[in-house]
Amino acid sequence: MEWLSRVVERVPFLKSLLLWFICRVAQMGPVPGHVAFIMDGNRRYARQRNQKVVLGHREGGIKLQEMLDSCEALGIHTVTAFAFSLDNFKRSQQEVDDLLNLAVEKLTDNLPELVTKTRVKLFGDVSRVPPNLLRLLEKAAKDSEHIKSSTLNLCFSYTSTNEMMRATRKMVDACAKGTLTENDIDPISFESFLDSSECIEPDVVIRTSGEVRLSDFCLWQTMSSCIYFCQALWPDFSVLHLFLSIIHYQQNFDVIQQRRKTMKRFKESFRSEVDPKTRKCRIQKKDK
C-alpha cells in the first residue's frame, strides 16, 4: 500500500485520476462531514531524509493544504487540524521559533485564498500565541466568518485539557455574574463554553505516524467519533490513505450512529432532571 501511495504522489496524472476514482467510490456510502487530523510525523520524516526538522514541518504544511483540497473534492465540509500543541512549547527554542515562523509564512501565503471559500476558526489558548501570528489568525477568522459552506478549525496552542479548563473557568465566571446558575450546568451547557461550541463533532479522527493515542486532542468532542490510526508519516499521507479512512468510517457507520444516539440521550437526561420552573433538580435521593 505504501509503495503504491508513493508512486501516485510522484505522478500528477495518477494522483488526479485516483482522486476522481475515490470520489466516485467513497460517495457510494456515507461520507463523513467532519474529518479531524492529528498531523504527526514531520520530524521523523525529516530525520529519515537527513534534513533539518523545519523542512519536515514545511512538508507537513504543504500536505495540509493538499488534504483540504481533497476533502473539498470528496464533499467533506469541515476539517479540524491539530497544528500546534501547547506541549510543543516544551521543545527546543530553535524548533519552536522555526515552527512559529513557518506558521506565519504559510498563513501569509495561503490565507488570502483560503478565506474566500473556507471559514477559519481558531481553537486554543491565544494567550500563548505570538502577536504577529495571532493577528493573522484573527484576521482570517473575521474575514471568513460569513462563509457557511466549509470550515477549517485550526488547533493552535491547543490541548483538550487546556480547552476544558478554560471552559470551566468561563462557566465559573458566568455563575459569578449571574448569567448562569448552578442548575444550568450540564454537559450541553458545558459544550457551549468549549472552543468547538459552534462545530459538530468529528466523524473521523485520523492519527498519522503509527502512534495509537489521541495526544490530548478534542477528548470531549471525539467520544463518539471513528478513530483511524495510520502508519504513514504526515508528509507521506496521501489521498489513498484518506480513502481508506473513509472506508473504515463506512464500515463502522452503524455503530458510530448508535453510540451518538446513546450519548445524546445521556446528555439530555441531565436537562430532564431539572424542573424548568423552579430550576431545581428533580432527582430524589433513594432510601438506603
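Is Lys267 buried or exposed, going by its relative accessibility? In this predicted model, Lys267 comes out at 14% relative accessibility, so it counts as buried.

## A lysine with a partner

Glu191 has a relative accessible area of 23%, so it is partly exposed.

## Other salt bridges

The count for the model is 18 salt bridges. One of them joins Lys117 and Glu72, at 3.7 Å. Lys117 is in the loop between α5 and β3 while Glu72 belongs to helix α4, so this contact ties together parts that are 45 residues apart in sequence. With 31% relative accessibility, Lys117 is partly exposed.

Asp143 and Lys139 also pair up, at 2.6 Å. Both are in helix α6, 4 residues apart, or about one turn of the helix. Lys139 is exposed at 52%, and Asp143 is partly exposed at 33%. Elsewhere, shared partners put Asp40, Arg44, Arg207, Glu211 and Arg213 into one salt-bridge network.

## Helix α5

Helix α5 covers residues 93-114, and its 22 residues should span 32 Å at 1.5 Å a residue; the end C-alpha atoms are 30 Å apart, which agrees. There is a kink of about 35° at Thr108, shortly before Pro112.

Its buried residues include Glu95, Val96, Leu99 and Leu107. The buried residues of α5 pack against several elements, among them α4 (53-74), β2 (78-85) and α6 (131-144).

How values were computed
Residues are numbered from 1 along each chain as its sequence is written. This is a predicted model: local features need pLDDT of at least 70, side-chain atom pairs count only at pLDDT 80 or more; totals for chains, interfaces and linings use all residues. Side-chain values use heavy atoms; hydrogens and water are left out. Helices (H or I, at least four residues) and strands (E, at least two) are DSSP runs, numbered from the N terminus. The expected span of a helix is 1.5 Å times one less than its number of residues. The bend at a residue is the angle between axes fitted to the seven residues ending there and the seven starting there. Buried means under 20% relative accessible area, exposed over 50%, partly exposed in between (1.4 Å probe, protein chains only). Contact means heavy atoms within 4.5 Å. A salt bridge is a side-chain nitrogen of Lys or Arg within 4 Å of a carboxyl oxygen of Asp or Glu.
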